[in-house]
Structures are given as C-alpha cells and as structure tokens.
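Hi,

Here is the model I promised to pass on. Have a look, and my notes follow below.

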Amino acid sequence: MIVNGVTDAKTEMMDRQPEINTQRHVYQVDALSANNNIPAEATRRPAAKKPHKKKRTCADYVKKTIPSIDWLFLNYRWSKDFAEDTMAGIAVAVLNIPQGMAYSILGNVEPTVGLYMAVFPVLVYSLLGTSRHISLGVLSVLCLMTGKVVTTYATDGAEDDPTLGYSAIQVATAVTMVAGLVQLVMYVFRLGLLCTVLSETLVSGFTASVAVIVLTSQLKELLGVDVARRHGMMQVPNTFYDFADRFHTINWATTAVSITTVTILLVYNKYLKERINSRLCMPLPIELIVTVFATVLFQVTTIAQDYNMVQMGEIKAGLPAFEVPPVKLFSAVFVDACVIALVAYSITMSLALLVSEKLKYPLDTNQELLAQGLGNVVGSFFSCLPSGASPSRSASQQTVGGKTQMASIVSAAIIVVVLLWIGVVFEPLPRCVLSSIIVVALKGLLMQVLNFPEIWRKSKTDGTVWIVTYLTVIILDIDSGLLIGVVVSLLFVFVKGVLNEVHVLGRLPNTDLYVRLDLYGDAVEIPDVKIVRYAGSLNVINRYMFKRKLIEVTRDDDATVTVTVVDGKNPTGGRRPAQCVVVDMAALQYADAAGAKMLSESIESLVSDGFNVYLAAVPDSSLEFIRGSNGVKAVRFFPTVHDAVVYHQCSSKKIQDSMYDTQPSKTPNGL
C-alpha cells in the first residue's frame, strides 16, 4: 500500500512476518516448576561435573609458554610462508629506520636507541608472543612519556662523568626495566584483562591529546627556534607562549626544509600512495626515501653548516653493550613506569585483538603480558626504551602478506645490518627531517578530534570521557590526564550500575507483547492493571530510589484506567484506580539483602493500599533470594507478564460473576 509515494511500513511488516498462534495454560512459577519436575533448591542435585581434562605434561606447559616451539620449530611452512614473511620483514624494516631515529628524539636519547628497540624486544616477542602480525618497537606515546621521566632525572654531562648523576639512557633503561617487571607481575597474577580499564573511547581521547603534545614538542626542531623544552603542567600553553616570545630566533632554512618534507609526505600519502602501492609487491617506503635523499643532499652540500641547521651528529656504529640499569632509580621512576606499562599493554593489545579478530586466530592476553614484559626486561639491558606495537608498521606487516612473526625476525636481522655498517651514513641528516616524519605520522591521531561530535551524538557518557581525557592531558600532564580519564570512566560505570529505571508498560493490540507506553504509541494499558518494568540492580545504594520510583508510577494521577460497560456489571464510563500491579523483573541484574528488604517493604505498602501485587519474570539467579524475604511470601510469581495479566483478569471475572449472581432480583414498582 502506497500513500503519497510512501510505503505503509505497518502493513508491509504484517504482510511479511508470519504469525505464530499458541495455546497454553496460565502458569505461576510454582506450578511451572512442579509440572516440569524441577526440584526444590534444597533437594536439587549438584551440577554435573565437568569432563575430566587430559593431564598436561611438562612439554605442554613449555609449548604454551613458548608458542614459537609450535609455529616456528615444528609447523612452520618454509616453502609457502617464508617468502611472504621475508617481504613483510623488509617492509617493516624500512619503516623502522626513519621511525626509530625520529621517535628517539621524543625520548630525549640518541637516535640509534630507536633502532635497538627494533631488535631486542622484537626478537623476544617473536618467540613468546601470540599475535602473528603486530610490529613491536618504538611508539610515539611511550617515547614521549619516557622522555618526560628522562628530563626529570637525567643530568647533563653524566655520560662523560658518572659522578654527576644519571645519564639519559640510564634513566630510560630504568623505566624500561620497571615497566617490564610490572608487566611480568601482572602475568603472574593473570591480570591480562586489566587492559579493559582503558576503554576504546578513553584511549582515543588519550592518544589524540598526546599527539598534540608531541606536535608541540617538535616545533623547536621544525622551526629551529631557540627555546627550552617544557614539561609538566600547562606545557602546551607555555610552549606556544615561548614560541611567540622567541619567534625572532626562527631559523628560516630549517623551516623551509621542514615545510618541504611535510608537503612531500602529505601529498604522497593523499594522492599517490594508493596508486603506486597497488602496482608494487610491497609499500613504497617514502619516509626512508626522503631520509636517504636528505642525507645525501646535506652530505654533498654545506647548506646545513651555512645556515646553522641542527644535524644528527655522531651515530654510534655496532650493537649496544650489555649494561644493567641503575637499581637505585627504580623507586623514583616506579609510578611513571607503572603508567607506561599499562598504556603500552593496552595499546598493543587493542591492536593485536583488532588484527586477530580480522584474521580469525586466537590470542592469549596473559601470554602477551609475558612476551611484552620479558621483551622490555631484556631490552633494558641493551639501551632500549619501553616498546609497543605501531599501527603503521603492523598494518604494513599484514598488508604485504606476512603470515607469522618470522617477518619480525627478518626485520630485526635487517636492522642489525643497519646498526653495524649503515647507521653512520645518517650523521649529516638534519633533525628537522625526522621531526617532519613524526608530525606527518601523527596526522591520523591529530584528526581524531574531528570524531568527537559523532562520539557525543552516539553517547553523552563516551563523549564526556573523551573530552575530559583530551583536555586534562593537554592542560595538565600526561599522567594526571590519564588518571583523571580513568577515574571519570570508572565513575560512569559505577553510576550506571547504581542507576535504575522504572517504566510503565502497555500491551500491543491483539498480541501478548508488553512494551513501554512512552515509546510505542499503539500500546494501551490493561484495565485494572498497572504493569511496571524495573531495569537495573537492586542494592543497598539504589533501594530508596527504587521505592520512590515504584510509588510514583503506581500512585500518580495516571494510575487510573478507563472502565467500560460489560453486560451491565460495571458502572458506565468513568475512571477508577488500578486494582493490580504487575512488576516485570526480567531486567533485574542483581539483588542484595538490603534491596530485597526494600522490595518487600514496597510490596507491603502497595498491598496495604488495596493493590494485588504480582512479580513476573524474576531471574532464576535472584528468584529464591527474593522469595526468602518475609514481605513477599504471599506474593504470586509468574514466569511472564502475560501470565500475570491473564491470571488477574480471570480472577476478577470470577469474582464479578459471583457477585452478580448473588445479587437479589429487583421487581419494578407496580408489578
């Protein structure tokens, strides 16, 4: 049926949906249990024992703890997978070179540290991790958070004279060691699900705000302005104030190189990346190409020296020496390291779960703690910062065709070659080129702020968590902002767990479906019956809220129903109070002793006012507990709302029929 070009949705729905007609008795809960041989709680048989599991051997535990024994040494398909893993490893390695050197700047350590992180933690994770596609190593958020700790505790000149204090790399490795130990403790106590404290919304707001801080921290390198790097509270506003105050010291040659580099990368990513990569067997490493080109340009020219541009300087060749992090620093960096450990695990697991769900293979959240924790502990002995999974490198590893963590092993081997023989060639490279690569890589995170209106439109709660986290991280500090975001998120979870809802229901005509009157215009109330749906928990905190709402909906002016004439037995027309209250408890989540007591008191109050009270669809987990309360022993329990309504209607009809039959006949006057 079409009216003015619009299909009658209601008629179409009725035409398409089949009807199911059933006839059954009206049940109370006790009768339903008796008819189906459900024993009383005291006489119930114990639950069936779980089938006996095969006893695990020592070899089983070893294979579970070291997953690489299975996929690498026993079942690796060298003829099918090695070629694709090798290509993926090469793609990841060429991304690791510029990213590793660039993100080391955020950690206030030498550029080669980022390359070390592409070797030692990666090899450990390849042997112990359960994700086949994530690429561990440098991550901007973690490098920035570590850089803040390095700035706080490192002493200038300590590299040459240890008596002055701790060097930057010593502070960084202390943070890495403590973060790794925290993750291992979480593994021992099986706290893999702790990452759920950081929701996707909170992580989105957090990473977007950290991207703003990273961008601000790189303005000095991008523009060559002579300002001190700010840290702590109000660092973003203070940094912009410093740049405005010292703008006259800008290095125009550095600015020109930065603008050129950023423009090339943005234009390529927006207009050329998909076209070129679709014709190649692996993504074109544009960042590495730009880095190599800039290195050659400033090697054969004297532009950097002529215009006082800051270059990379001396780059140490070879692998780092084994060195134990300073134990005395552990207590000082403990709190920061705990936050870094939780953030690293949460971000890495979010990415790993996303990839595993897409490619349909399982992950072990606790095993991931072992792999990442031990990777950080081992890395701390070899001058590494805390590591995390990079979205860009992980995506490259997957899209190129990587099948297993063999790709990461290949990538680490290539980085070793770079460290031994090639790394020194990047010494003439201006630091502004690496800062430009960082800024372009942050584009996706910076643009997340545009998603806020949609987040707010879908959920005011999520929107509040996002904006609070975003603003507090920028205005206050990374640690303080993250803590406030977590507290606000958990507060909303607590409040939602305490809040409850009470709605009046009506029946859709010619059905046994009972829906909210405020949402369904066709729903009508049943004569003499007030149907109330309760949703939420019933506990010591919200019990008075429950009683108040229940009394409001059962005693307000709308709690009267229209009375119609039925064979002259009821008064003609008019309105009278509802005689029965049916409480739909299907959405009850949990009830404690205080909540059950308040329920019984509310029922007693309704009964004293002349209502018949029925409880419908009480969950099995709360049924016996609620029935044990003194105030509800005389209340009837029904498996569904419809059973309660039909029972009341039949009972009322019998009472009315008996009253009508016992009334004396009236003889008209004059007869």
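Glu 525 is partly exposed, with a relative accessible area of 25% (buried means under 20%, exposed over 50%, partly exposed in between, with a 1.4 Å probe and protein chains only). Its salt-bridge partner is Lys 530, with the closest N and O atoms 3.2 Å apart; a salt bridge here is a side-chain nitrogen of Lys or Arg within 4 Å of a carboxyl oxygen of Asp or Glu. Lys 530 counts as buried, at 3% relative accessibility.

Before going on: this is a predicted model, so local features need pLDDT of at least 70 and side-chain atom pairs count only at pLDDT 80 or more, while totals for chains, interfaces and linings use all residues. Residues are numbered from 1 along each chain as its sequence is written, and side-chain values use heavy atoms, with hydrogens and water left out.

The structure holds 14 salt bridges. One of them pairs Asp 477 with Lys 148 (3.0 Å, N to O), and these residues sit 329 apart in the chain. Both Asp 477 and Lys 148 are buried. Another joins Arg 533 and Asp 584 at 3.3 Å, N to O. Arg 533 is partly exposed at 25% relative accessibility, whereas Asp 584 is buried at 6%. Salt bridges with shared partners also tie Lys 148, Asp 336, Asp 477 and Asp 479 into one network.

Cheers

Methods:
Helix = DSSP H or I, 4+ residues; strand = E, 2+ residues; numbered from the N terminus.
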